Amino acid sequence: MHPFSYVAPKTIDEAVAVLEKNGTRARPFAGGTDLLVQARANKWDLDTVVDIKKIPETMSLEVSQEGLTIGSGVPCYQVYNNEQIKKEYPGIVDGALIIGGIQIQSRATIGGNLCNAAPSGDSICPLIVYNAVAHISGPSGSREVAVEDFCTGPGSTVLQNGELLVKIVVPKPNAGSGTAYQRFTPRNEMDIAVAGVAVSVQLNNNGDDFESVRIALAAVGPTPILANKAGSSLSGKPINDDSISEAASLAKEEASPISDMRGTIEQRKHLIEIITTRMIKEAVKRARG
Amino acid sequence: MVETFEPKSDYRVIGSRPVRHDGFDKVTGRAIYGADVKLPGLIWGALARSPHAHAIVKSIDTSEAEKTPGVLGVITSKDMPETEDKMIDLGEGDENPRWTSNRLMASTKVIYRGHPVAAVAAADRYVAEEAAKKVKVEYEILPVHNDVDSALANQAEIIIDGMVGNDLGEEVKNTNMATHERYDFGDVNKAFKDAAYIEENTYTMQMVHQGYIEPQNATAFWDEEDRVKVWTSTQGAFTARTALANLLQLDVSRIKVTPCEIGGGFGGKIPVYLEPIAALLSKKTGRPVKMVMERTAVFETTGPTPGGKVWVKIGADNNGKLIAAESKIWFEAGCNPGSMIGPAAQCIYAPYDIPNTRIDSYDVVVNKPKVAPYRAPGSPQVAYAMESAVDDLCDKAGWDSMEFRINNASTQGTRRGDGVRFSVIGTKDVLSATKSSNHWNSDLGTAPEGKVRGRGISNGYWFNIGLKSSVNLNVNNDGTVTLIEGSTDIGGSRASISMQAAEALGIPAEDVRPSIVDTDSVGYTDVTGGSRTTYATGFAAWKAANNLVDELKGRVAMLWSEGTGEFGKDDVTFESGVFWSKAEPQKSISFKELAGKLDNLGGPAISTGSVDLESAGDGFGMHIADIEVDRATGKTDVIRYTAVQDVGKAIHPSYVEGQMQGGAVQGIGWALNEEYYMQDEGGMANSSFLDYRMPTSLDLPEIETVIVEIPTPLHPYGVRGVGEVPICPPLAAIGNAIKDALGVRLTDLPMNPGKIIEALKK
């Protein structure tokens, strides 16, 4: 690591200008809990860090009729301590609560977790199953990308030179829906997912059939994976052990993990099946209130 | 003839729980650790390290690093003094300085990943680190041996050129096997023929690291007169001095080591790593040089404890009496010889009385960091094998494993696996305390749906060591006593040593002011390790206190004689902090009052005490582990845990309990998740605290403790070592609990969720 400069622009335009000018030698700086560690480990050769926390848009946290807006500079603790978010977006809270430890959560952001694009990023799968959308600003204006399309590989995203993630917008869930995320780690905290699953279910009016289901898998592919087959297998199906177990087994097929120090291929696939089953049941429980 | 002591029970200070003398400084952040050292003109050093675990160094080009602005000096192995090729004693293990020198700075070969090849000194840390990256090294990559089987294979690449192995006394060339030792007592083969029940199995394990929070560090200044001052976080200032004298080829008196506060060591901070490099960079630049390791380097280049494999076979007769035991122990030494096969042999059968025993042990060089002591080095690995086998034997024969352990427990006179016979030991007392503990007499309770529970027990043993310690006492005129010692304080030893002096002087613990000083300021003192400090340095403090009392009796005689000379030293007696006239019991003076008069009564009163103890009181413990396993994910939660241990005499029970809890926790981590996860090409994949997976407070229950006190006659207060025994039982206690819960025996550490799932599928 060598000395680098720190800038804290007050507007998106200023931030975009600095990022565009410096290319890969500048990085946006939100919580810094990944960036600084990676800089020390020489993953980045940085001249400039661009603190985005002085920009009003990145610091907004709003729950409205349209949905939930999480600015890219908002730390996890603000998300999981918000009563309305706890009530209406429990799946987001499931993820935010387990990113690092308590000290880390006072700085680390959901936006940063998404931009870090780790296959194991704990907030990403919940965002995917909630149909969340990433709002990006860049040199050629603003654009929106579904979170499920945001990550393109381990540590890489759709963000182009000069582009900045400004906020994530999560549509308001309908009545009769429920969402849950859980990961498996050998330790109870301060660990990285060996495998994780987020499930969002929309039940019918009676609450006995699935109407639609979205399932996303963490740490079992180069990016968080939207398990389309598993999710759609449940459309219109009754809620029972057979339908759930079929979906879990499809999720297991859709997982394409590697073996490394955190777990083997077999262990990870096995865990996907187990956690998918558990999370479908948990999401149903939440949907039924 | 070794002096022995009768146990006492009427203590005033010993057994109480005063606030530790260093407590406020440590909790307020005022204590000075190695990384806090600042000196005028201080510069920083950084290492260029090998990315390969085994390679020939064909050339090293430091020219670009030297040209970097801000760089003040660069060294390579050419700057390392020529060292002798012989073994030297460093208190807890011997070392060959030439191998150590080559290990700390590679000359012709790199033999582990992270092996230093050059060092750079620069005005600041980051300039030094960036310049170190510019050192160009040409390597010729060699095959890597990550484990004993690979290193001992026929076509194995030889890791240390010219190393001569010792195979039961025979010299062996072109080998990676440094030593093969054997202990053989009775007639093992015949005994196995007579045995009604036999159990044998092979247990495997990976290296694990002590995981101290504070990384290694060193600050050194080499002056114009070739005097070297070193500040470092070390467990042994004097052993560091000896090692440095050998590596730097200087007389010990030219080196002054100041031990800083130490953020954990567990044995791992006995060897030197950065100290000689910082000293040589200082010699080159004329400036004080500071170096601090990164966590990855701590994992990859500082000593973990050996991985390897242990084969054990035990046999019992029809009455449940153990009659034979045989084992083979293969330990990974890392890149230099010196794994703890000796201690492993001393420990493996220690909890049992077995008439016929044999042990073969092998010290094998592999392409990993050289091992260093880690809390009872060698004992947890063999306890895992032996205590698993004992449970399996009992299962096979239908015996209760607690009763079996009690019936076969070692006792005074039992011959240990290495032939030594025990003095007074507490094996049976520990077992009966375990059996009557609240935990043992409580139900496991019912597991939630999808989970199963199990309970396991295991013995653990460490012999503890004595060695050399020195203490000086000075009386202050306010009635307090300054205690000068050379034992660095890892686990509360300022308190435990001061309390022993206070007991002997009859003053409160708070009135003894301990001070840990540099190697110029106190007599030679061996490492804080081997569970020796409270025992041996405490013994020295007791001696110094008695010498001080003797000196003060003379001053009392002087006071009461009032110049007449009618009172002699022998006319004064001392008890509980008060000096009395033997002839006139109403005539007395307290320690404190006397201290206030010393300025006019002969001047400063000082004393010294030193010891060189051949042995120590053996330590035994037993743990009970209750676990709950999620059958679907394989995750094991420890839901209740109790550590029972004979400590001889608990000087400060809170720190005794702390040691028992800390050891148990490290053992639990080792049992369930910790390991060096090695890549085929060498190097550790999980060299960060994130992926190394030590347990956190959220992974552990309260560790309950039961202190058993069977005083050893070897110490004035009966103290046995405490710190090491408690890491020995957890591996097998948890393995036995997993078997109880799931019905499967896991023989490969760590017993992590992946392995449990695999075992359940079989």
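**Figure 1. The largest nonpolar core of the predicted model.** This core comprises 223 residues. Within this core, the residues with the most contacts are B:Val120, B:Ala122, B:Ile277, B:Val364, B:Ala501 and B:Ile734. Helix H15(B) supplies the largest share of the core, namely eleven residues. Apart from this core, a second, separate one of 88 residues exists; among its members are A:Val93, A:Ala132, A:Val197 and A:Ile215.

**Figure 2. The surroundings of B:Ile734.** B:Ile734 is one of the residues with the most contacts inside the largest nonpolar core. When residues up to four places away in sequence are not counted, B:Ile734 touches B:Gly456, B:Ala625, B:Ile627, B:Ile668, B:Ala671, B:Leu672 and B:Met751.

**Figure 3. The position of B:Gly529.** In chain B, the loop between strand E23 (512-516) and helix H15 (533-561) holds B:Gly529. This glycine counts as buried because 30 C-beta neighbours lie inside 10 Å, where 20 or more are required. B:Gly529 and B:Gly723 lie 194 residues apart in sequence, yet their C-alpha atoms are 8.7 Å apart in space.

**Figure 4. The contact between chain A and chain B.** Chain A contributes 20 residues to the contact, and chain B contributes 21 residues. On the side of chain A that touches chain B, helix H11 (residues 265-287) gives the most, with four residues. By residue class, this side of chain A consists of nine nonpolar, six polar and five charged residues.

Conventions:
Residues are numbered from 1 along each chain as its sequence is written. Chains are lettered from A and ligands numbered from 1 in the order in which they are written. This is a predicted model: local features need pLDDT of at least 70, side-chain atom pairs count only at pLDDT 80 or more; totals for chains, interfaces and linings use all residues. Two residues are in contact if their C-beta atoms, placed from the backbone, lie within 7 Å. Helices (H or I, at least four residues) and strands (E, at least two) are DSSP runs, numbered from the N terminus. Ala, Val, Leu, Ile, Met, Phe, Trp, Tyr, Cys and Pro count as nonpolar, Asp, Glu, Lys and Arg as charged, and the others, Gly among them, as polar. A residue is buried if 20 or more other C-beta atoms lie within 10 Å of its own, exposed if 12 or fewer, and partly exposed in between; C-beta atoms are placed from the backbone. A nonpolar core is a set of buried Ala, Val, Leu, Ile, Met, Phe, Trp, Tyr and Cys residues joined through C-beta atoms within 7 Å.
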